[in-house]
Amino acid sequence: MLVPRTEHVGVRPAWDCRICGQPWPCAIAKVELSEQYQNFPHGLSVFLGSCMLEAIDDLAAGSGGPPADLYERFLGWAGG
């Protein structure tokens with residue numbers, strides 16, 4: 001699997017971008033990840049799905065439940 005190369009990574013446990021502070025994946029991360037995985041879009045979905053599972057664990061532990069928009073945030077935009 002392609003290892004993502006971007007400085008815009010999610011910081012646990014809040015899953016906000018380390019660089020811009022937006023909810024991760026931020027707009028820049030989406031562009032960079034899409035470019036890197038353009039020849040392997042299902043790999044992007046696998047990567048993002050694994051991140052989403054970690055985010056569910058992290059966010060549920062802190063607030064009593066993960067936000068309702070996690071699927072759209074992590075996978076809905078990828079189209080893989």
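The following legends describe close-up views of one predicted protein model.

Residues are numbered from 1 along each chain as its sequence is written.

**Figure 1. Overall fold of the protein, with 3 helices and 2 strands.** The order along the sequence is β-β-α-α-α. Helices (H or I, at least four residues) and strands (E, at least two) are DSSP runs, numbered from the N terminus. The C-alpha trace spans about 40 × 25 × 20 Å along its principal axes. The radius of gyration of the protein is 12 Å, which agrees with the value near 12 Å that a compact globule of 80 residues would have; this quantity is taken over C-alpha atoms, and the globule rule is 2.2 Å times the number of residues to the power 0.38. Of the 80 residues, 32% are buried, where buried means under 20% relative accessible area, exposed over 50%, and partly exposed in between (1.4 Å probe, protein chains only). Among contacts (heavy atoms within 4.5 Å) with a separation of 6 or more, 54% join residues 24 or more positions apart.

**Figure 2. The aromatic pair of W24 and F47.** The whole structure contains 5 aromatic pairs. The pair of W24 and F47 is edge-to-face, with 6.4 Å from centre to centre and 90 degrees between the planes. W24 lies in the loop between β2 (16-17) and α1, whereas F47 lies in helix α2 (residues 41-63), so the pair links distant parts of the chain, 23 residues apart. Rings of Phe, Tyr and Trp (its six-membered ring) pair if their centres lie within 6.5 Å; planes under 30 degrees apart count as stacked, over 60 as edge-to-face and the rest as tilted. Both W24 and F47 are buried, and the relative accessible area of F47 is 17%. Ring pairs also join W15, W24, Y37, F47 and F74 into a cluster.

**Figure 3. The largest nonpolar core, a set of 18 residues.** Within this core, W15, W24, L33, F47, L48 and F74 touch the most other members. Helices α1, α2 and α3 (70-76) each supply at least two residues of the core, and α2 gives the most, with 7 residues. A nonpolar core is a set of buried Ala, Val, Leu, Ile, Met, Phe, Trp, Tyr and Cys residues joined through side-chain atoms within 4.5 Å. Leaving aside neighbours within four places in sequence, L33 is in contact with P4, W24, L44, F47, L48 and W77. F47 and L75 are 28 residues apart in sequence, and their C-alpha atoms are 9.6 Å apart in space.

**Figure 4. Cysteines C17, C20 and C26.** A disulfide is a pair of cysteine sulfur atoms within 2.5 Å, and the whole structure has 0 disulfides. C26 is likewise in no disulfide, the nearest cysteine sulfur being that of C17, 3.7 Å away. C26 is buried, with a relative accessible area of 4%, whereas C20 is partly exposed at 36%.

**Figure 5. Q36 in helix α1 (residues 27-36).** Q36 counts as buried, at 16% relative accessibility. A polar atom of the Q36 side chain lies 2.5 Å from the backbone oxygen of R5.

How values were computed: This is a predicted model: local features need pLDDT of at least 70, side-chain atom pairs count only at pLDDT 80 or more; totals for chains, interfaces and linings use all residues. Side-chain values use heavy atoms; hydrogens and water are left out. A polar contact is a pair of N or O atoms within 3.5 Å; within protein, one must be able to donate a hydrogen and the other to accept it, and residues adjacent in sequence count only if both atoms are side-chain atoms.
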